[in-house]
Amino acid sequence: MTLRKIAGLGALLSLVMPGLALAEDAAPVLNSGDTAWMLTSTALVLFMTIPGLALFYGGMVRSKNVLSVMMQCFAITGLISILWVVYGYSMAFDTTGMEKGVLNFNSFVGGFSKAFLSGVTPSGLTSATALFPEAVFITFQMTFAIITPALIVGAFAERMKFSAMLVFMGIWFTLVYAPIAHMVWSGDGALLWDWGVLDFAGGTVVHINAGIAGLVCCLVLGKRKGYPTTPMAPHNLGYTLMGAAMLWVGWFGFNAGSAAAANGTAGMAMLVTQIATAAAALGWMFAEWIFHGKPSALGIASGVVAGLVAITPAAGTVGPMGALVIGLASGVICYFCATSLKRKLGYDDSLDAFGVHGIGGIVGAILTGVFAAPALGGFGAVTDIGAQVWVQAKGVIFTVAYTAIVTYVILKVLDVVMGLRVNEEEESVGLDLAQHNERGYNL
């Protein structure tokens, strides 16, 4: 007999025999269905980074750098996993000292009561409402912490030293990711939570955060040698398409898993994720077809990711038609930002981390404030669309400013201390040989 049937039987008996009513203060009981879904979602989100993102990025660089990009994704996965266990989870989700409406130090970052996962046991549940093990929640959120810095790799691909990358990612995770995650997701008393910012699955925490950091990285490191006059075509678009497909599938864990239960919210999140992604893929494809003359495989793969990014903050609150608009808008806008805007401004965002994740995240965050309203088919508690859009805009502005400033300071200090960029000879040879003494292809 399922837990729901047991609860239903108890409610029925309480109507005719009050003495048999279930105790209201009974201890929370693990829900095996929710637990199974969260275990699955966790695996899907990790699948997004390795192998999904590794293949997606690896195919877009030149053949002499394919291993370097994949190596960075794998190394980040290992590094952030350990830092998350040691202090990251505690910094992001420790709620000690927090109180709704009260602004204090813990409104910006959590404490260290959960450092080294102190107090975590096999029987411990996440909360009285999310009835699955805390260990699963820790791992689920770890996968978000892993993919966020890995996304930044696309902005500085083919020119950053591996050692500098590792140090940068460790510091950036500590000073940027963990505080932003805390401010958005840790509940009453957290800065952006108290503002009322809607970010269901990480449009702000993951994508705007990574996109802005990526833009700062490519500006500080400078352009690749020969950019933009030397052809730098992707060496294996098959890898990129496979990676994009893996991201598309894995993203159901990312968005639907953020419901923290196997329920109707998860089901709707899955549906709107599919709708927005398909719309963005077609939006990018047709925009490129119209303005460039032909639709490309790289273009549709990029459109897929743009749609996934944009629907992320909205997945728990928008309806199907809102998802359709968000997807189309993100596909078209990201196309122009990753092509025309990048050429006009002249920055070398190697694999369009900013153009897709930064811009897509901003589009999705703002439009969440519009389409979460029940008046437009949404399922959020938005009665004043203008007011909610302003709240969303404040969240975007704060995240952009905080991430840009702290990322810039970290990079400039590291450049002085250890240097960020490989030398010209190493860049010409390729990072596979220069940094790892290996080749992606031995013919």
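What radius of gyration would a compact globule with 443 residues have, and what does the protein have? A compact globule of that length would come near 22 Å, and the protein has 22 Å, which agrees. The radius is taken over C-alpha atoms, and the globule rule is 2.2 Å times the number of residues to the power 0.38.

Before going on, note that this is a predicted model, in which local features need pLDDT of at least 70, side-chain atom pairs count only at pLDDT 80 or more, and totals for chains, interfaces and linings use all residues. Residues are numbered from 1 along each chain as its sequence is written, and side-chain values use heavy atoms, leaving out hydrogens and water.

Let's look at the overall build. The protein has 15 helices and zero strands; these are DSSP runs, H or I of at least four residues for helices and E of at least two for strands, numbered from the N terminus. Its C-alpha atoms fill a box of roughly 80 × 50 × 45 Å along the principal axes. Of the 443 residues, 55% count as buried, meaning under 20% relative accessible area, while exposed means over 50% and partly exposed lies in between (1.4 Å probe, protein chains only).

Now visit helix α9, residues 264–292, where Ile275 lies. Ile275 counts as partly exposed because its relative accessibility is 21%. Leaving aside neighbours within four places in sequence, Ile275 is in contact with Pro320, Ala323 and Leu324, contact being heavy atoms within 4.5 Å. Asn106, by comparison, is 38 Å from Ile275, C-alpha to C-alpha.

Finally, find Val413 in helix α13, residues 385–417. Val413 is also partly exposed, with a relative accessible area of 46%.
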